[in-house]
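I open my notebook to record what I looked up in this structure. The entries follow in the order in which I made them.

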Amino acid sequence: MFTRGTLIYIVQRLVLITLAVLGVSSLVFLGIHRLPGDALFSEHLRGTQYELTLHHYGLDRPLWQQYLTFLGNMFHGDLGESLVNRGVPITPIVLREMSVSAEVGLVALIFTIGLGMSFGVIAALRQNTWLDYLLSTTSVIGYSMPNFVIATFLILVFGVWLENITHGNFYFEIGWPGRYGSIGAIWLPAFALGFPSASIVARMTRASMLEVLQQDFIRTARAKGLAPATITIRHALRNALIPVITVLGPLAMAIITGGVVVENIFGIPGLGKEFATSILNRDYNVVIGVFTGYAALVGLTNLGVDLLYVVIDPRIRY
Amino acid sequence: MATPILQVKDLQTQFTTHDGVVRAVDGVSFDLYPGESLGIVGESGSGKSVTALSLLRLVPNPGRIVGGQVLFRNDDLLQLSDEEMREIRGRDIAMIFQDPQSSLNPVLRTGFQIAEAMLAHQRSTRSQALRRAVELLRRVRIPAAESRAKDYPHQLSGGMRQRAMIAMGLANAPAIVVADEPTTALDVTVQAQILELLADLNHELGAAVVMITHNMGVVAGLCTRVLVMYAGQIVEQGPVEQIFEDPQHPYTWSLLKSIPRVDAVRHERLRSIEGIAPDLLRPPRGCRFHPRCPFRVEKCFSDDPHLIEVKPDQRAACWVTMDRARAEMGADDLLDIRPGSASGVQAGRLVE
């Protein structure tokens, strides 16, 4: 499956991802410094105290000098300190928030693949029955609804209508350390994130399965006397997944970016929540850190999806 | 001869389409004897492939077997449950398909696809089955069988893929092998090798072979008996040599005339069969071949001929037959074999 060529390919991709991450953080660095206002401005510092603080963080130097310092620190994995929560180093914060977002995202991805694939396969096998129509209709509703509508609706149902049962277990306290005790706490936001993508995967899988089931090799498999379940899973599904993986890349991106909205709605202290807060606060270093984290996440996810091709389709080699 | 291993009686397979019912196989009956090699020939759309698929109940949607019997070892295959039928497939009756490119699963290793056929019917471990798959690949003369077994189908050549298909068909040493145009997608040289291989396996293993083809040459090289199909029906059947030498149905006669022969008189023109195969949604009344037949008589327009014994072991469904066509219409000296040319019936007349 994985050859030496694949290994070289992975290394090449990792180098490219690093360059892309560097490019993104540089762009963001330049962009955020062009925004009116700054982190200290909002703190009612006046006169020399303001100047001193600016000097302390090196913000009074010309932009190109600041940029070079920033690049130098980046190479050591140091993203600097927060300007709002003074003295707090950013790298650990971003890493922690990234793990939180990745955890929610991963569960959303499991929803996407698991729910989407099984819906698609069942709909294809029961083509033109009430079950197919039910699942297909659900899919249309799923990908027609933005994730924030689903998120709000879920909160309404589980947080307001069913409060007696759930006791608000999926709200997160401010200052929550970001470690999930149980899957129970993240399945709602993950569902809100994953359901639209799951719907797309379901429709793709259904169409793809229907096509594959018409193929000659399915007839061969039947002529061999294989059991129907073996034919469906081993022969049909594996082939049907090849086009589905194509959309998995963009869908993973949608889950990562969708996290910005959904994390804010559920109050999850992940990268998405920090994304919004840090920009509003003009917390330069944090903004750059968050974007850097996002760029890395996107790059690595895409690499992961591309490697999935190799696992599923032996005709593809890198 | 011994008792037949497979008896097909009045098989009817239909496809229900938006435009109406297509009777792809319409009342086909034949016997298959143990170890023999039976050819089924016909043009595209004559129903030969659907007949083959019907034997294993693998007719694709919207096709339905609506009547008849397929008797195998005293069981009517058409009456078995799906599970019982599944056990027959691949174990007792195996099928080799045309176009091995699309008939093999692209994402599974060749050896595994062969082993799978064994694992479906025998109690053995995966590694045992894989080892036997390598043996089978060796048996169908694939060089470096061990490493080829680990290859995916796209890494094999067309001929090797078809050999792998044959190995798959032989995996459970079936009593009957149905080969549906196994040489169609291959080069001529490879075709010959594959046919030779099938003939050898037929002799060595004693499996009865049903050979579906549109190629008379394939029949001549491999089969002992032949069924000629036209528009969903058998029009002639008998021993291969006899049919080639003395065809009695005008369709068989024209079919043989349309094949280029090395030993033919030079400058003799090849005859194509005029017209096109009938639309099975609205098959012609009477004999289905009459719109293309040079020897038709008035009876052919209205009455459906049945298979009758015309020579020892040879049966044809025709009101005229070639003996009469020769005697009364000078068939062999005929230069113009357009529809109705030798008959007393003018083209166009009587046809609705």
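I looked up how α10(A) and α12(A) are oriented; they are roughly antiparallel to each other, a term for angles over 145 degrees. Helix α10 (residues 228–266) of chain A and helix α12 (residues 284–312) of chain A pack at about 175 degrees, with axes 10 Å apart. The axes are lines fitted to C-alpha atoms over the stretch in contact, and angles run from 0 to 180 degrees between N-to-C directions. Helices here are DSSP runs (H or I, at least four residues), numbered from the N terminus.

The model is predicted: local features need pLDDT of at least 70 and side-chain atom pairs pLDDT 80 or more, whereas totals for chains, interfaces and linings use all residues. Residues are numbered from 1 along each chain as written, with chains lettered from A and ligands numbered from 1 in written order.

I then listed residues in contact (C-beta atoms, placed from the backbone, within 7 Å). In α10(A) they include A:Leu241, A:Ile245 and A:Gly249, and in α12(A) they include A:Tyr294, A:Thr301 and A:Val305.

Next I turned to the contact between the chains, which takes 23 residues from chain B and 17 residues from chain A. On the side of chain B, α2 (82–88), α3 (100–103) and α4 (110–119) each give two or more residues.

Last, I checked helix α1 (residues 48–55) of chain B. Eight of its eight residues are buried, so it is largely enclosed by the rest of the structure; buried requires 20 or more other C-beta atoms within 10 Å of the residue's own. Among them are B:Lys48 and B:Leu55. Just after α1(B), B:Arg57 takes a positive phi of about 55 degrees.

Conventions:
Angles under 35 degrees count as roughly parallel, over 145 as roughly antiparallel, 65 to 115 as roughly perpendicular and the rest as oblique. Two residues are in contact if their C-beta atoms, placed from the backbone, lie within 7 Å. A residue is buried if 20 or more other C-beta atoms lie within 10 Å of its own, exposed if 12 or fewer, and partly exposed in between; C-beta atoms are placed from the backbone.
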